[in-house]
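Let's take a walk through this protein, a few residues at a time. Have the sequence and the 3D view open while you read.

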Amino acid sequence: MASAAPTPQPGTAAATATANGGGGGPRTLGVLVEMRAAVLERVAGLLRRRGYPVRELVLGRTEEPHLARLFVVLEEGASGEQVAKNLNKLVDVRRVADLSAQPTVVRELALIKVDVTPGTRQEVLLAARVFRARVVDMGERTLTLEVSGRPEKVDALYRLLRRYGVRELVRSGPLALVRGPQST
């Protein structure tokens, strides 16, 4: 899985909007692509040349080794239809679906390294338990938590942990599948 393009600052209004979008929110396109060299570069190049307001790009493998699924999250107000039309013109693209109007399962993974003291360690562990985050590394002065779920959940945990001092944060960007038997 690879992620490109800047991620909005957690805790901002833009970051709290879901990748599932809908309404006037950000649009998420699911793009099934051939897993070839530089496919991400070709898609990103098209988006850059056309000036589309891309918030996030996430590329991940699929159940088919020769295919990958790319998620393009557009800023609020962007036309998903126009972007989909242009992406469909690329040779490497098999299918483009606007996931914003469909019921989807959306998940994101984040690793958050938090400063702790003997006095705050238990509070951070309690927050991790409430958000069902796992402690994946524990040092004398830091804890590293792994959390997955909807982007709003990751945002909420991040906002809570900022008071203790977030030393580092990395997020995967949203991954999504359409609910039910329909393909994404």
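In which loop is alanine 38 found? Alanine 38 sits in the loop between β2 (27-34) and α2 (39-50). Before going on, a word on the ground rules: this is a predicted model, where local features need pLDDT of at least 70 and side-chain atom pairs count only at pLDDT 80 or more, while totals for chains, interfaces and linings use all residues. Residues are numbered from 1 along each chain as its sequence is written, and side-chain values use heavy atoms, with hydrogens and water left out.

**Two loop residues with positive phi**

Alanine 38 has a phi near 70 degrees, a positive value in a residue other than glycine. Arginine 132 is another non-glycine residue with a positive phi, near 55 degrees, and its place is the loop between α4 (121-130) and β7 (134-138). Helices and strands here are DSSP runs numbered from the N terminus (helices: H or I, at least four residues; strands: E, at least two).

How much of each residue is open to the outside? The table puts a few side by side; buried means under 20% relative accessible area, exposed over 50%, and partly exposed in between (1.4 Å probe, protein chains only).

| Residue | Relative accessibility | Class |
|---|---|---|
| Alanine 38 | 37% | partly exposed |
| Arginine 132 | 72% | exposed |
| Threonine 62 | 18% | buried |
| Glutamate 108 | 4% | buried |
| Proline 151 | 4% | buried |

**Around glutamate 108**

Glutamate 108 lies in strand β6 (residues 104-115), and it counts as buried because its relative accessibility is 4%. Its side chain has a partner: a polar contact of 2.7 Å joins it to the side chain of arginine 171. A polar contact is a pair of N or O atoms within 3.5 Å; within protein, one must be able to donate a hydrogen and the other to accept it, and residues adjacent in sequence count only if both atoms are side-chain atoms. Leaving out residues up to four places away in sequence, glutamate 108 touches residues including Val147, Pro151, Arg171 and Pro174, where contact means heavy atoms within 4.5 Å.

Proline 151 belongs to helix α5 (residues 151-161). The C-alpha atoms of proline 151 and arginine 107 are separated by 6.7 Å, though the two are 44 residues apart along the chain.

Threonine 62 lies in the loop between β3 and β4. A polar atom of its side chain lies 2.9 Å from the backbone oxygen of glutamate 64, and one lies 3.1 Å from the backbone oxygen of leucine 67.

Which residues line the largest pocket? Threonine 62 is one of them, along with others including Arg61, Glu63, Phe71, Arg107 and Leu177. β3 (54-61), β4 (67-74), β6 and β10 (175-178) each supply at least two residues of that lining.

**The whole chain**

Zooming out, the protein has five helices and ten strands. Of its 184 residues, 46% count as buried. Among contacts between residues at least 6 apart in sequence, 74% join residues at least 24 apart.

Conventions
1 Å grid on protein atoms, 1.4 Å probe; cavity = no way out; pocket = protein on both sides within 12 Å on 5 of 7 lines; lining within 4 Å.
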